[in-house]
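Please keep both in view while reading.

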Amino acid sequence: FRTLDDAAVKGRRVLVRVDLNVPMKDGRVTDATRIDRILPTLRELAASGARIGILAHFGRPKGEPVPEMSLRPVVGPLAERLGVPVAFADDCIGDEAEAAMAALGDGQAVLLENTRFHKGEERNDPDFVARLAKLGEIYVNDAFSCAHRAHASSEGLAHRLPAYAGRNMEAELKALGNALERPERPLTAIVGGAKVSTKLALLGNLVTRVDNLIIGGGMANTFLHAQGIKVGASLCEPDLADTAREILAKADKAGCRIVLPTDAIVAREFAANAAHRAVSIDAVADDDMILDVGPESVMAVNTLLEVSKTLVWNGPLGAFETPPFEAGTVAVADHAANLCADGRLLAVGGGGDTVAALAMANAADRFTYVSTAGGAFLEWIEGRELPGVKALSTTVC
Ligand code: 3PG
């Protein structure tokens, strides 16, 4: 695909798709890694005199404007890190967006409101794509972490405007290729986090690629439930129990070892420093919520990492953003990072929350590579073609 090296942007309106789906608590950005990774592209475009319209999504508002999912709180941290003012438009299409783009001078930028406030975004609806395309003359995709979504702003636009990969997109593909093209085995994956429904489907293919799959976080509860273990009031998707059982059977056939928690940290309320205790996984009470993996599980995971050669990690093992439920994730991250620093393990982590969790554990710098991508990272590992990347290679303009 073409990169910024090939684009003549001076005085042109450039639509840049980035990933600003950043960890946020009480309206504040709690980890700015995704913002930092897009700065090279934005700075280069600004220095080259482009008129920059920034497109991004936040959360999963299902095609409706949801005030809590506005991108407005991201403007401040973005402008501060970029070192130049960034304007904001309350919509990503229509009169307001068009006026905001028309008001830009060379080198100036506007952040357009959450693309997922419109149903056309996820549907990749041609009318919506056309309304976005009207705002720009050039399209730059710098959101590797959204490239697994064939959405209007991450895929559709590449077919409507001359399309280029941004610097972050280039860097992610290169770094993942270097680290994981031919992984040394045993290859172990850790998959956790709360996005159970979308990630569960990916595990079916993953078990045919990795030697060990450690399942943690909200994802583990669905698997435990599928095995008849009571998970009390924990996050769990009972509708996906059949899928979970199919994945377990597939793993068995493929010779992939599945590791589920054998103990857990539970609490009756989900709040910082809530009263909590460690219990065996078969002793979770009806009103208990599993909020972290227990010490026995941490030890089992860390032991497995010692005999692994490569680790890919997406998704925290517990509710790491609320103390003290970060302990399990932090202990495993620190151990993996030490093995990596000693040259005994090649470790790659990816995903918005994973990046934040690794930063919390001071593990990011000791990992071989930390990708901003979560779902896209897993799909890339599975060897799937990512629609957002493919579209850049097949752009018609
Ligand atoms: C991510 O956080 O992995 C990306 O921003 C994609 O978000 P999504 O899973 O809601 O599509």
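The model is predicted: local features need pLDDT of at least 70, side-chain atom pairs count only at pLDDT 80 or more, and totals for chains, interfaces and linings use all residues. Residues are numbered from 1 along each chain as its sequence is written, and side-chain values use heavy atoms, with hydrogens and water left out. Helices (H or I, at least four residues) and strands (E, at least two) are DSSP runs, numbered from the N terminus.

**The open sheet**

- Six strands form an open sheet with parallel pairing, in the order β5-β6-β4-β1-β7-β8; two strands pair if DSSP finds at least two bridges between them.
- At the edges lie β5 (86-89) and β8 (163-165), each of which pairs on one side only.
- From one strand to the next, the twist averages 25 degrees, where axes are lines fitted to C-alpha atoms and angles run from 0 to 180 degrees between N-to-C directions.
- Within this sheet, β1 (residues 13-17) is joined to β4 (residues 51-55) by 5 bridges in the parallel sense, and Leu 15 stands opposite Gly 53 of β4.

- Strand β9 (residues 187-191) is largely enclosed by the rest of the structure, because 5 of its 5 residues are buried (under 20% relative accessible area; exposed is over 50%, partly exposed in between, with a 1.4 Å probe and protein chains only).
- In a regular strand, side chains alternate between the two faces of the sheet.
- Both faces of β9 are covered, with Leu 187, Ala 189 and Val 191 buried on one side and Thr 188 and Ile 190 buried on the other.
- Strand β15 (residues 310-314) runs parallel to β9 and is joined to it by 5 bridges; Leu 311 is the bridge partner of Thr 188.
- Strand β10 (residues 212-215) also pairs with β9 in the parallel sense, over 4 bridges, and Leu 213 of β10 stands opposite Ala 189.
- Together with helix α7 (residues 196-206), β9 and β10 make a right-handed β-α-β unit: with the strands pointing away from the viewer, the path from the first strand over the helix to the second runs clockwise.

**Helix α12 and Thr 354**

- The buried residues of α12 include Gly 352, Thr 354, Val 355, Ala 356, Ala 357 and Leu 358.
- Their cover includes α1 (33-47), β15, α11 (327-341), β16 (346-350) and β17 (369-371).
- Thr 354 lies in α12 (residues 352-360) and has a relative accessible area of 3%.
- Leaving aside neighbours within four places in sequence, Thr 354 is in contact (heavy atoms within 4.5 Å) with Trp 313, Asn 314, Gly 315 and Pro 316.
- A polar atom of the Thr 354 side chain lies 3.1 Å from the backbone oxygen of Gly 350.
- Just after α12, Asn 362 takes a positive phi of about 50 degrees.

**Surroundings of the ligand**

- Asp 19, Asn 21, Arg 34, His 57, Arg 60, Arg 116, Ser 145, Cys 146, Arg 149 and Lys 195 surround the ligand, a residue being counted if one of its heavy atoms lies within 4 Å.
- Polar side-chain atoms lie 3.0 Å from a ligand oxygen atom for Arg 34, 2.8 Å for Arg 60 and 2.5 Å for Arg 149.

Terms used:
A polar contact is a pair of N or O atoms within 3.5 Å; within protein, one must be able to donate a hydrogen and the other to accept it, and residues adjacent in sequence count only if both atoms are side-chain atoms.
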